[in-house]
Amino acid sequence: MEEPILGHRDGRHFYVERLRPEDVGVAADLCDRCVGKNLYPRPYLAEICGEPDHFFYLLRSPDGQAAGYYYFHLTDLAGMARYTRLPLAQLTDLCRPNPRVAHLRSIGILEAYRREHMSVCLVRYFLRMLETELHADMAFCVCWKPQGKIPVTRSLEAFSFRHLADVARFWYDVPELECPICRGRCRCDAAVYYKLFEGGSKP
């Protein structure tokens, strides 16, 4: 199902559609081009396609071309602690007990579409979905920090995400990932951010 995201000057819209098995190859190519080769390879995307707690959406231009993607899944605090390698107590201290947690995994916009505020539009759309449709209490994102800078700073600031911690060489243990900055195995750090929705604050 197509969901409009951003109006275009010709009156048509950019839109998102949930990943289908026939589009796994397109999605894998987008991930390779946007965030580094083999971070989300075809077998992984084929595995999550159709999983009820995984939400991978393609962004398409008004003429139907793949312009980017957004990927998140639902989890819990224990799952986030394992992924971030942070102490569980550091996460449980942020919110009410047993929250419904969204892990904002990845966003990618092809170079040709990066000057039309696409990333902010995508984040706004999916945060609204998480809060109003999926009833998440909080969201986490682990942000790539190449050369000490976070490419998605604008979105983090626009939607009041809070910094939790930095993690050194976060993706170094993914040897198959080819980092576009490191030109091989990734030595970049990561920054962990979180956002509380209305139901996630401590009582």
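The model is predicted, so keep its ground rules in mind: local features need pLDDT of at least 70, side-chain atom pairs count only at pLDDT 80 or more, and totals for chains, interfaces and linings use all residues. Residues are numbered from 1 along each chain as its sequence is written, and side-chain values use heavy atoms, with hydrogens and water left out.

## Helix 1

Helices (H or I, at least four residues) and strands (E, at least two) are DSSP runs, numbered from the N terminus. Helix 1 covers residues 24-35, which makes 12 residues. From first C-alpha to last it reaches 16 Å, close to the 16 Å expected at 1.5 Å a residue; that expected span is 1.5 Å times one less than the number of residues.

Which residues of helix 1 are buried? They are V24, A27, A28, L30, C31, C34 and V35. Here buried means under 20% relative accessible area, exposed means over 50%, and partly exposed lies in between (1.4 Å probe, protein chains only). Seen down the axis of helix 1, the buried residues fall within an arc of 160°, so they line one face of the helix. The arc is taken from the directions that run from the helix axis to the C-beta atoms.

These buried residues pack against helix 2 (42-48), strand 3 (54-60), strand 4 (66-75) and strand 5 (101-109). Contact means heavy atoms within 4.5 Å. Take C31, which sits in helix 1 and is buried, with a relative accessible area of 0%. Leaving aside neighbours within four places in sequence, C31 is in contact with G36, Y40, L45, F56 and Y69. After the helix comes G36, whose phi is positive, near 115°.

## Strand 8

Now look at strand 8 (residues 189-196). Seven of its eight residues are buried, so strand 8 is largely enclosed by the rest of the structure. Two strands pair if DSSP finds at least two bridges between them. Strand 6 (residues 138-145) is joined to strand 8 by eight bridges, and the two run antiparallel; in this pairing W144 stands opposite A190. Strand 7 (residues 162-167) is also antiparallel to strand 8, with five bridges, and A165 stands opposite V192.

## Charged pairs

Side chains of opposite charge can pair when their charged atoms come close. A salt bridge is a side-chain nitrogen of Lys or Arg within 4 Å of a carboxyl oxygen of Asp or Glu. How many salt bridges does a search of the whole structure find? It finds nine, and the table shows some of them.

| Pair | N to O distance |
|---|---|
| R60 and E17 | 2.5 Å |
| R20 and E22 | 3.6 Å |
| D137 and R96 | 2.6 Å |

By contrast, R20 is partly exposed at 37% relative accessible area, and E22 is exposed at 56%.

D137 counts as buried at 8% relative accessibility, while R96 is partly exposed at 27%. Finally, salt bridges that share partners join E17, R20, E22, D23 and R60 into one network.
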